[in-house]
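Q: I should like to learn how to read a structure of this kind. Could we go through it feature by feature?

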Amino acid sequence: MQITGRTVLVTGANRGLGLALAEALLARGAVKVYAGARDPATLGPVRQRLGERLVPVRLDVTSPDDRRAVAEACADVDALVSNAGLAPAGRVLDTDEALCRETFEVNVFGPLELVRALAPALRSRSGAVLFINSLAGLVVSRSSPVYGASKAAQRMLAMALREQLAADGVVVTTSHAGFLDTEMAKDVPYPKASPEQVAERSLAAWEAEQAVVFPDRFAEMVERALLTRAREALDEPQRLMTSLVAALEREARA
Ligand SMILES: NC(=O)c1ccc[n+]([C@@H]2O[C@H](COP(=O)([O-])OP(=O)(O)OC[C@H]3O[C@@H](n4cnc5c(N)ncnc54)[C@H](OP(=O)(O)O)[C@@H]3O)[C@@H](O)[C@H]2O)c1
C-alpha cells in the first residue's frame, strides 16, 4: 500500500503517537489525513501548522454515533490507522470492572466496529489498516495487565481481519511498539523510543505490507527473545520481560 496519494484516517490523532503518525503520513505524501479526536478543537494549532490536508474529525472510538458519522463524512478514506488507546495502570484485581470494560471498549470493540463501519470504503479501494498494538499484547505487561489483555484481544482480531480482508486486497498490519515517550508512559522509568521513530518505522512496514512490525529497539529485543526464548516467553513471561528491560537499560547506559 503506497501512502502517496492516499486518504487516511488516524484515531487519537490529537497527541502522542497519533499526532506523530498524522505528521508522518502527510510527509509521505498522503493527500488528506482525517485526524480523529474526541475533541477536534484540540487540533486547531496542529491544523495551522500542518495545513489543510489535515482534516479534524470528531471521533470517540467507543461512540456508535461518532463511528457512523465518520464513515459517512470520510467516505473517501483509503486507509485507517487505529491508534487511540487507553492503558490503565494497576494490578489486575485492583482494576475495577468499569475500567476493565472501558479499556476493552477503547482498545478492542471500538476499533473492531470502526473497521466494520469503514469496510465498504476500504474494500472498494483495496485499502489498508494499521493497528497500533504494544508488546503488552504479545508477551505481558506487569504494570498494566488489563491493557495487555485488551491488546492481546486486539492482536487476534487484527490477525483475523488480515485474513478476511485480504480477499478484497485490504492489507492489515500490526505494530507492536515498546515504551514510548508520550503521556501514556509518563511514569515508566525505562528508556523510551520517540513517537516519531515509531511512526516512521510502523508506516514503512505498512507500506511493505508486513503482517507485524517491531518498530523500536526494545520491540526488536522482544521479537528476538520470542524467536529464541519461546519456552521462557510461554512459561515465565514476567521474568523474561524483567531480564529484557534490564538489558535495555544496560544498553542505554553503554
Ligand atoms: N506510550 C507507550 O509506551 C505505548 C507503547 C506501546 C503502544 N502504545 C500504543 O500507542 C497508541 C497511542 O498511545 P500514546 O502513547 O500516544 O498515548 P497517549 O499520549 O495517552 O494518547 C492516547 C490517544 O488516544 C486517544 N483516546 C483515548 N481514548 C479514546 C477514545 N475513546 N476515542 C478516541 N480517542 C481516544 C487520546 O485522546 P484524548 O486526548 O481525548 O485523551 C489520545 O489521542 C495506543 O494504542 C497505545 O496503546 C503506546
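Q: How many nonpolar, polar and charged residues does the shell around the ligand have?

A: Please note at the outset that this is a predicted model. One begins by sorting the surrounding residues by class. Here the shell has 12 nonpolar, 10 polar and 5 charged residues. Among the 27 residues around the ligand, those that come nearest are Arg15, Arg38, Asn83, Tyr147 and Thr182.

Q: Which helices and strands each supply at least two residues of the shell around the ligand?

A: They are helix α1 (16–27), strand β5 (128–134) and helix α5 (145–166). Strand β5 gives the most, with 3 residues.

Q: Which residues have a polar atom that lies 2.6 Å or 2.7 Å from an oxygen atom of the ligand?

A: A polar contact is a pair of N or O atoms within 3.5 Å. In the side chain of asparagine 14, an N or O atom is 2.7 Å from a ligand oxygen. The ligand taken alone exposes 900 Å², of which the protein buries 92%.

Q: Is threonine 182 buried or exposed?

A: Buried means under 20% relative accessible area. Threonine 182 has 18% relative accessibility and therefore counts as buried. Threonine 182 is located in the loop between β6 and α6. Leaving aside residues up to four places away in sequence, threonine 182 touches Gly16, Leu17 and Pro195.

Q: What span should helix α6 have?

A: The expected span is 1.5 Å times one less than the number of residues. Helix α6 (residues 195–207) has 13 residues, so the helix should span 18 Å; its end C-alpha atoms are 18 Å apart, which agrees. The buried residues of α6 include Pro195, Val198, Leu203 and Trp206. Among the elements that the buried residues of α6 pack against are β1 (7–10), α1, β4 (79–82) and β5.

Technical notes. Residues are numbered from 1 along each chain as its sequence is written. This is a predicted model: local features need pLDDT of at least 70, side-chain atom pairs count only at pLDDT 80 or more; totals for chains, interfaces and linings use all residues. Side-chain values use heavy atoms; hydrogens and water are left out. A residue is near a molecule or strand if one of its heavy atoms lies within 4 Å of it. A polar contact is a pair of N or O atoms within 3.5 Å; within protein, one must be able to donate a hydrogen and the other to accept it, and residues adjacent in sequence count only if both atoms are side-chain atoms. Accessible areas come from the Shrake-Rupley method with a 1.4 Å probe; for residues, only the protein chains shown count as cover. Helices (H or I, at least four residues) and strands (E, at least two) are DSSP runs, numbered from the N terminus. Ala, Val, Leu, Ile, Met, Phe, Trp, Tyr, Cys and Pro count as nonpolar, Asp, Glu, Lys and Arg as charged, and the others, Gly among them, as polar. Buried means under 20% relative accessible area, exposed over 50%, partly exposed in between (1.4 Å probe, protein chains only). Contact means heavy atoms within 4.5 Å.
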